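Thank you all for coming.

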Amino acid sequence: MAKIKVTKVRSVIKRPQNQKRTMEALGLNKMGQTVEHEDTPSILGMINKVNHLVSVETN
């Protein structure tokens, strides 16, 4: 499968609890942190939910 790099670019302060939990589930805690995930439908759904808080790169 393809890999996706997800970088946290905005804060989760004053965001709904479900968006905060989604960011934690993606493994993004600190600003500027980058994680790499497989390109699965569940990961893409989580990214779509918080797309205004993250930056996405494909490999």
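Let me begin with valine 12, which sits in the loop that runs between β1, residues 3-8, and α1. Please keep in mind throughout that what we are looking at is a predicted model. Is valine 12 buried or exposed? Its relative accessible area is 17%, and because that value falls under the 20% cut-off, valine 12 counts as buried.

Now to the wider setting. In soluble globular proteins, nonpolar side chains tend to be buried together. In this model the largest nonpolar core has 12 residues in all, among them Val12, Met23, Val50 and Leu53, together with others including Ile4, Val6, Leu26, Ile43 and Ile47. The elements that contribute two or more residues to this core are β1, α1 and α2.

That brings me to the two helices. Two packed helices are described by the angle between their axes and the distance between the axes. Here, the axes of α1, residues 17-26, and α2, residues 41-49, come within 10 Å and cross at roughly 135 degrees, which means that α1 is oblique to α2. The crossing in which α1 passes α2 is left-handed.

Which residues meet where these helices come into contact? From α1 there are Asn18, Gln19, Thr22, Ala25 and Leu26, and from α2 there are Ile43, Met46, Ile47 and Lys49.

Finally, I would like to turn to lysine 5, which lies in strand β1. With a relative accessibility of 30%, lysine 5 counts as partly exposed, whereas valine 12, as we saw, is buried. Setting aside neighbours within four places in sequence, lysine 5 is in contact with Thr34, Val35 and Glu36, and also with Ser55, Val56, Glu57 and Asn59. The C-alpha atoms of lysine 5 and valine 54 are separated by 10.0 Å, although these two residues are 49 residues apart along the chain.

I will stop there, and I am happy to go back to any part of the model.

Methods
Residues numbered from 1 in each chain as written. Predicted model: local features only at pLDDT ≥ 70, side-chain atom pairs only at ≥ 80, totals over all residues. Heavy atoms only, no water. Axes fitted to C-alpha atoms, helices over the stretch in contact; angles between N-to-C directions. Helix = DSSP H or I, 4+ residues; strand = E, 2+ residues; numbered from the N terminus. Parallel < 35°, antiparallel > 145°, perpendicular 65-115°, else oblique. Left-handed = near helix turned anticlockwise from the far one by under 90°. Contact = heavy atoms within 4.5 Å. Buried < 20%, exposed > 50% of the residue type's maximum accessible area, 1.4 Å probe, protein only. Core = buried A, V, L, I, M, F, W, Y, C linked by side-chain atoms within 4.5 Å.
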